[in-house]
Amino acid sequence: MSKPRISLKKPRNRAFNQQQGRCYYCGTLMWAKSPKEVISKLKVTKKQAESLMCTGEHLTAHRDGGDDSYENIVAACLYCNQKRHKRKDDLSPVKYKALVKRRLEKGRWRNW
Ligand SMILES: [Zn+2]
């Protein structure tokens, strides 16, 4: 019954460019093809840069009827993406973004 999934690559790359390569949630610079630039710009290690990989994030989840259209995909770093999906309370993207912002202000996000 489920629709065949098209690659997220295109909408993700478009979102990446529209967001100037910054994460939808935490605003940190991400990388799409190679972490090199991020490593030198942010002075992070290779390991740290792994969490800055650009991922496609659905604003409305598949199970809630969200699709892979450009309007429904934003670019988020791997860290924020994984953290969101590990949560049990299923915050909406807007609420999650606000939470990330609050944590960032307290210096309690992405402790590396
Ligand atoms: Zn992020």
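Helices (H or I, at least four residues) and strands (E, at least two) are DSSP runs, numbered from the N terminus. This is a predicted model, in which local features need pLDDT of at least 70, side-chain atom pairs count only at pLDDT 80 or more, and totals for chains, interfaces and linings use all residues. Residues are numbered from 1 along each chain as its sequence is written, and side-chain values use heavy atoms, with hydrogens and water left out.

**First stop: the zinc site**

Select the zinc ion together with Cys23, Cys26, Cys77 and Cys80; the SG atoms of these residues coordinate the ion at 2.3 Å. Donors are N, O and S atoms within 2.8 Å of the metal (3.2 Å for Na, K and Ca); water is not among the atoms, so sites may look incomplete.

What arrangement do the four donor atoms around the zinc ion make? The arrangement is tetrahedral, because the donor atoms subtend angles of 103 to 117 degrees. Four donors count as tetrahedral if all angles lie between 85 and 135 degrees; four count as square planar and six as octahedral if opposite donors are over 155 degrees apart and all others between 65 and 115; anything else is irregular.

Along the chain, the donors of the zinc ion have the spacing C-x2-C-x50-C-x2-C. Cysteine 23 lies in the loop between helix H1 (9–18) and helix H2 (36–42), and cysteine 77 in strand E2 (residues 73–77), so the pair ties together parts that are 54 residues apart in sequence.

Now colour these residues by accessibility, where buried means under 20% relative accessible area, exposed over 50%, and partly exposed in between (1.4 Å probe, protein chains only). Cysteine 23 is buried at a relative accessible area of 4%, and cysteine 77 is buried at 0%. Cysteine 26 belongs to the loop between H1 and H2 and counts as buried at 10% relative accessibility.

Select phenylalanine 16 in helix H1. Is phenylalanine 16 buried or exposed? Phenylalanine 16 is buried, having a relative accessible area of 16%.

Move on to glutamine 20, in the loop between H1 and H2. Its phi is near 50 degrees, a positive value in a residue other than glycine. Glutamine 20 counts as exposed, at 63% relative accessibility.

Lysine 36 is found in helix H2 and counts as exposed, at 69% relative accessibility. Lysine 36 and alanine 49 are 13 residues apart in sequence, and their C-alpha atoms are 8.7 Å apart in space.

Next, select lysine 43, in the loop between H2 and helix H3 (46–50). Lysine 43 is not a glycine, yet has a positive phi of about 55 degrees. Lysine 43 is exposed, with 71% relative accessibility.

Continue to serine 51, in the loop between H3 and E1. Serine 51 counts as buried at 16% relative accessibility. Its C-alpha atom is separated by 9.7 Å from that of tryptophan 31, 20 residues away along the chain.

**Fourth stop: the annotated region**

Select residues 52–87, where UniProt places the feature "domain: HNH" in an unreviewed entry. Over residues 52–87 the chain is 25% helix and 28% strand, and the end C-alpha atoms lie 19 Å apart.

**Last stop: the largest pocket**

Which residues lie nearest the centre of the largest pocket? They are Ala61, Arg63, Arg84, His85 and Asp90, from a lining of 16 residues. Strand E1 (54–58) and helix H4 (78–86) are the elements that give two or more residues to this lining.

Notes: 1 Å grid on protein atoms, 1.4 Å probe; cavity = no way out; pocket = protein on both sides within 12 Å on 5 of 7 lines; lining within 4 Å. UniProt positions renumbered as here; feature names shortened; annotations may be inferred.
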